[in-house]
Each structure stands twice: as structure tokens, then as C-alpha cells.
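Work through the exercises below with the sequence and the 3D view side by side. Try each task before reading its solution.

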Amino acid sequence: MRVNEYNTLDEFTNEYIGIWNPSEGHWYGLDFKYNDTVYRLHTGSMYNVTNTILIDGRTAIYGLYQATDNSNANAYILLGEYADMNDLLESSVIGNRKFKDIIMDDATEILGKD
């Protein structure tokens, strides 16, 4: 049974464009569960005042985090940072599977958006 609310990859990518505007459906953060583990996608740095400058000189726009304790929404470790949506979608830091496949997986559960 499908629990994922995203039916197309465009639905996801149109929500996370680097601008926070909930009335237009644009968000900064996404909490989701995949394979019984809670993760977070965050636009911008979640813990630092400034965004990370990546090795190639680009600014990290997106970060993927894993909850260290599924019962504590404030305990996350950084898995990877990405300069653009394509880099994020191609990332394989979660279970060696591309993020674009994880975010569209039937069993991925969207827990919250902010």
C-alpha cells in the first residue's frame, strides 16, 4: 500500500526551491520516514549561521540529515550537503540509493513540512 503523498517528482521539486512561502506551497524543511528511520531535508544550514561552501566553491543549499533518536526531533546528524536540486536528487547517502528514488518510494512517509 502506498503511503507516500508525492505522486510525481515534480510535486516534490516544486515545493523545495529555496524560498519559504507556505501559502504558495514552498517549504524549507521536510521530515520523512524511510525504512523505519527518520530523516530531514533542510534548506540552508540547519545548525550553522552560514551555509557551507562546498569543495567546488558552490554554496550548499540543501542538507540531508538522519535522526539519531526517532523520538527526538532535535537530534540529527548531517549526511550530506548539496548545491542544487539535481545534486540532491542524485545523492546516495541514504542506503546507497538515489534520493530521487527514496523520496518517490511508495513506503516513504512524509511526517511534516515547515
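Contact means that heavy atoms lie within 4.5 Å. The structure is a predicted model, in which local features need pLDDT of at least 70 and side-chain atom pairs count only at pLDDT 80 or more, while totals for chains, interfaces and linings use all residues. Residues are numbered from 1 along each chain as its sequence is written, and side-chain values use heavy atoms, with hydrogens and water left out.

**Exercise 1. The whole chain**

Task: Describe the protein by its elements, its dimensions and its contacts.

Solution:

Step 1. Helices (H or I, at least four residues) and strands (E, at least two) are DSSP runs, numbered from the N terminus. The protein has three helices and five strands, and along the sequence they follow the pattern α-β-β-β-β-α-α-β.

Step 2. The radius of gyration is 13 Å, close to the 13 Å from the globule rule for 114 residues, so the protein is as compact as a globular protein of that length. This radius is taken over C-alpha atoms, and the rule is 2.2 Å times the number of residues to the power 0.38.

Step 3. Along the principal axes, the C-alpha atoms fill a box of roughly 45 × 30 × 25 Å.

Step 4. Take the contacts between residues at least 6 apart in sequence: 50% of them join residues at least 24 apart.

Step 5. A residue is buried under 20% relative accessible area, exposed over 50%, and partly exposed in between (1.4 Å probe, protein chains only). Of the 114 residues, 40% count as buried.

**Exercise 2. The sheet**

Task: In what order do the five strands lie in the open sheet, and which are the edge strands?

Solution:

Step 1. Two strands pair if DSSP finds at least two bridges between them. The order is β4-β3-β2-β1-β5, with antiparallel pairing.

Step 2. β4 and β5 (109–113) are the edge strands, since each pairs on one side only.

Step 3. Follow β3 (residues 62–67). Its antiparallel pairing with β2 (residues 37–43) has five bridges, and six bridges join β3 to β4 (residues 76–82), again antiparallel.

Step 4. Find individual partners. H42 has G63 as its bridge partner in β3, Y39 stands opposite Q66, and A67 stands opposite Y76 in β4.

Step 5. Check how covered β3 is: five of its six residues are buried.

**Exercise 3. The nonpolar core**

Task: Which residues touch the most other members of the largest nonpolar core?

Solution:

Step 1. A nonpolar core is a set of buried Ala, Val, Leu, Ile, Met, Phe, Trp, Tyr and Cys residues joined through side-chain atoms within 4.5 Å.

Step 2. The largest such core has 21 residues, and F12, Y16, L30, F32, L88 and F99 touch the most other members.

Step 3. β1 (29–34), β2, β3, α2 (85–90) and α3 (99–104) each give two or more residues to this core. With four residues, α3 gives the most.

Step 4. Look at F99. Leaving aside neighbours within four places in sequence, F99 is in contact with F12, F32, L64, L88, L89, S91 and I94.

**Exercise 4. A loop glycine**

Task: Is G44 buried or exposed, and what does G44 touch?

Solution:

Step 1. G44 lies in the loop between β2 and β3.

Step 2. G44 counts as buried because its relative accessibility is 15%.

Step 3. Not counting residues up to four places away in sequence, G44 touches N51 and I61.

Step 4. Y28 is 16 residues from G44 along the chain, and their C-alpha atoms are separated by 7.9 Å.
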